[in-house]
Structure formats: C-alpha cells, structure tokens
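Visitor: I have the coordinates open and would like to go through some of the labels. Can you tell me what stands behind each one?

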Amino acid sequence: MYEKERQELIDCALSMEAQGLIVQSGGNVSRRMPCGNILMTPSAMAYGSMDPEDLVLMNPDGKIIEGTRRPSSDHQALLYIFKHMPQVNVILHTHQPYAVALSLVADELPACTTTLIDELQGAVPVAPFTRSSDEGMGISVVTHCNGSLAVILKHHGVMAYGKDPEQALSAAIYLEEGCKGYLAALATGRPVARLSAEQVAAESQERGYYGQP
Ligand SMILES: [Zn+2]
C-alpha cells in the first residue's frame, strides 16, 4: 500500500542527507495519508539502503497497520503534531547544525530576510529543551509554532512541516540557509537589522509572478 508515497518519503530523507540536514540514520520523515493514517520512516535505519516496505503505516493512535519495522522513536511526538495541526500533512525532523547552533544562542530566528518570510511564513521560534522521543516534544512544537513552517528544538534539531513533501523540505532547507546567514550576522558583533512589521506584511502578500506558469 502507498508504494509511490513510501518512495517519496525515502527520497525526501535522502535530500535531507544530501543537504547536510541529517547524517547517518538521524531524523525522520512522516506523512499523513488521505485516509488519516500516518506513514513513517523506521527507527535507526540508514536511508540509503531503506526499501519502501521498511516504512511503517500506523493509525493516528499509533497502532501499526502495515510494516514489520519499529517506527521512528519520535512517533509519539509526531502523532501529537499531526493530531493537533490538521493543516500539516508532512513532517521532517532533522538535526541540522546551523539551526541547532542558533538554538543555543537565541530564542528565535527573526524574519530578517525575504526568504524566511516567503518559505517559512516568517520568524521561526526556538522551543525550550524537552526530552526527545516522547509526546512532550510534540506538545512543545504545537505550543510554539506560531504560524511558522518550522520549530527549532533547543539542544536538538528541527521539526519542519507542510502540506506536502516539497513544502516541508523547502522549509527545512531555507531554514538552514537563514540560520547560517543570521549566525554570520551575529558573529560580526554589530546590531542585526530587523524588518518592520509593515515590511514583513508587504513581503507576505501574494505575488502573481514568482515561478513558472
Ligand atoms: Zn532528533
């Protein structure tokens, strides 16, 4: 069941690895299927040798519907996010290093570039430390998301999400770019310029031109 979607999630994880957002078997990818069940990468398996049948299909309560592998150790947190954020269909969990670095020195990545507004819908919050692998991490993400397409988990990593794999992957990649730039600006020791609320609102408006018709 869901052969195409299973492969898409593995491809997504491989893109995360290629972009330096995860190493080895770190992180995970999960997706809400139209029937409401959740497809998830298995715990502690390398993505390069992962087959579509290694992914686990579970119902929203965590009951395994299909698959012989153990699901990601973060499954309780992921199920909580899916349950409480109905607009989210795909969640990527990464340990991307620049976002983690930022979490150690700041409480948010401010919406200081147009890319952050366009790709992440604005500032990205840093949620306080919670233990990994239990529901508390999911509660923290839902509590702190504040309209952003990602939450940085202090001392840990990132939850990036969206309506489909492309939007979630884009959020994770552009978040890393944004963190890199912001940390470089902070490292100069000079004040970091902010965009005003009006400028953020202007950039947030729908534009008719970007992309291909
Ligand atoms: Zn993690």
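Visitor: Which residue stands opposite Leu153 in β8?

Guide: That's Ala127. Keep in mind that this is a predicted model.

Visitor: What makes β7 and β8 a pair?

Guide: Pairing takes at least two DSSP bridges. Strand β7 (residues 124-127) and β8 have two, in the parallel sense, so they count as paired.

Visitor: And how do you know that β8 and β9 pair?

Guide: Same test: at least two bridges are needed. β8 and strand β9 (residues 157-162) have four, in the antiparallel sense, so they pass. Ala150 stands opposite Ala160 in β9. The two strands form a hairpin with three residues between them, and His155 in the turn has a positive phi of about 65 degrees.

Visitor: Why are both faces of β8 called covered?

Guide: Ala150 and Ile152 on one side are buried, and so are Val151 and Leu153 on the other. Buried means 20 or more other C-beta atoms within 10 Å of a residue's own, so each of these four residues reaches that count.

Visitor: Which way do α2 and α5 cross, left-handed or right-handed?

Guide: Right-handed. The axes of helix α2 (residues 75-84) and α5 come within 6 Å and cross at roughly 35 degrees. The contact includes Leu78 and Ile81 of α2 and Ile139 and Val142 of α5.

Visitor: What classes of residue make that contact?

Guide: Eight nonpolar, three polar and one charged.

Key:
Residues are numbered from 1 along each chain as its sequence is written. This is a predicted model: local features need pLDDT of at least 70, side-chain atom pairs count only at pLDDT 80 or more; totals for chains, interfaces and linings use all residues. A residue is buried if 20 or more other C-beta atoms lie within 10 Å of its own, exposed if 12 or fewer, and partly exposed in between; C-beta atoms are placed from the backbone. Axes are lines fitted to C-alpha atoms, for helices over the stretch in contact, and angles run from 0 to 180 degrees between N-to-C directions. A crossing is left-handed if the near helix is turned anticlockwise from the far one by less than a right angle, and right-handed if clockwise. Two residues are in contact if their C-beta atoms, placed from the backbone, lie within 7 Å. Ala, Val, Leu, Ile, Met, Phe, Trp, Tyr, Cys and Pro count as nonpolar, Asp, Glu, Lys and Arg as charged, and the others, Gly among them, as polar.
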